[in-house]
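Dear colleague,

I am handing over the structure below, together with some notes on what was found in it. Please read the notes with the model open beside you.

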Amino acid sequence: MSEQGEEQQGDELQEDEQQQQDQQPFQIDTQIPPEDANVFMTQQKLEQNQVWKCFDFLFPAGKLAKLIKVNYTQPKTFPMTEILTKLKLDDGLPVVNFIGCRQNFDNPNSNRGKFYAGIARACHNTDAVIIDNGITTGIEKFSLRRNCTLIGVASEQIVSYPKLNPTKIEKNELSNGHTHIFLIGGENVHLGTEALFKINLCKAIATGKISKTQGRPRCKIVNILFADSNDCFDEIREAIINKLPIIVVRGSHLCNQFIDQEKILDAEFEDIMTDKDGFFFPLKKLDSEVIAQMVHYLLTYTPQKPKQQ
């Protein structure tokens, strides 16, 4: 047989084998691989090491907000800059921080409405971020009108989520109007941990990426003390340690006693407010123009010595 004939015969055999393979039905490998304990342990370890997670949270009949759950057991290694970059809050902005502010449900017609309007107007004109405890304070509707960034920081253990068609608003319920909400959780986290996180969040937002990379001074931070609840003492201490100015607002018994220079009945509060390193600025009346001017002033100038001296 010639070489050409052998080549033709070999080609025909290859075509026949290819046709037989094409005619065979396609089979799926259904064999389940053996379980690997290391895969499960690795996934579980990743979930445990995840210190923050972001969600889209829609308030019932309200606005959409970013809900961030954080594990704040290790503050020194917490990726605050990474979170702010993800949320696009890393440009470096002034901050107005509410300390111990709660809405008075027993007296909803209190005269803080115009006062909050003055704060929102000052924050709108200076591009300042407002930070509170995430629950109803009264600033929400004024923040919505001025399109301000309103951030809530609270412990996940004590807050409740809003319900559809509620008969009443719970005192510790997350309130509509916030653009961002940070819920603090994790093992071995006590109820005062949000005070440390809140002040560190204020400093990180005020610093921003430009101030951090180019060495420019950070933006100003102003604290407004309402003292509507006694769980704000840790936050006042943190503000004093970081030498941040604190505006003391009339309304609560503790603030009224401090402004009127009366005997403060709470010994712990008296010890905090008489700290020689405290930058306290008392306001004797709730006036929208006065608070707006005071916020503008402190967002521009930071005093070197406490005013009470």
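Of the contacts in the protein with a separation of 6 or more, 71% are between residues 24 or more positions apart, where contact means heavy atoms within 4.5 Å. This is a predicted model, in which local features need pLDDT of at least 70 and side-chain atom pairs count only at pLDDT 80 or more, while totals for chains, interfaces and linings use all residues. Residues are numbered from 1 along each chain as its sequence is written, and side-chain values use heavy atoms, with hydrogens and water left out.

The secondary structure comprises 10 helices and 9 strands, taken as DSSP runs (H or I of at least four residues for helices, E of at least two for strands) and numbered from the N terminus. Of the 309 residues in the protein, 41% are buried, that is, under 20% relative accessible area with a 1.4 Å probe, counting protein chains only.

On one side, E8 runs parallel to strand E7 (residues 221–225), joined to it by 3 bridges (pairing requires at least two DSSP bridges between the strands), and asparagine 223 has isoleucine 246 as its bridge partner. Between E7 and E8 the chain passes through helix H7 (residues 233–241), in a right-handed β-α-β crossover: with the strands pointing away from the viewer, the path from the first strand over the helix to the second runs clockwise.

E8 also pairs in the parallel sense with strand E9 (residues 279–282), over 4 bridges, and here proline 245 stands opposite phenylalanine 279.

Notes: Buried means under 20% relative accessible area, exposed over 50%, partly exposed in between (1.4 Å probe, protein chains only).
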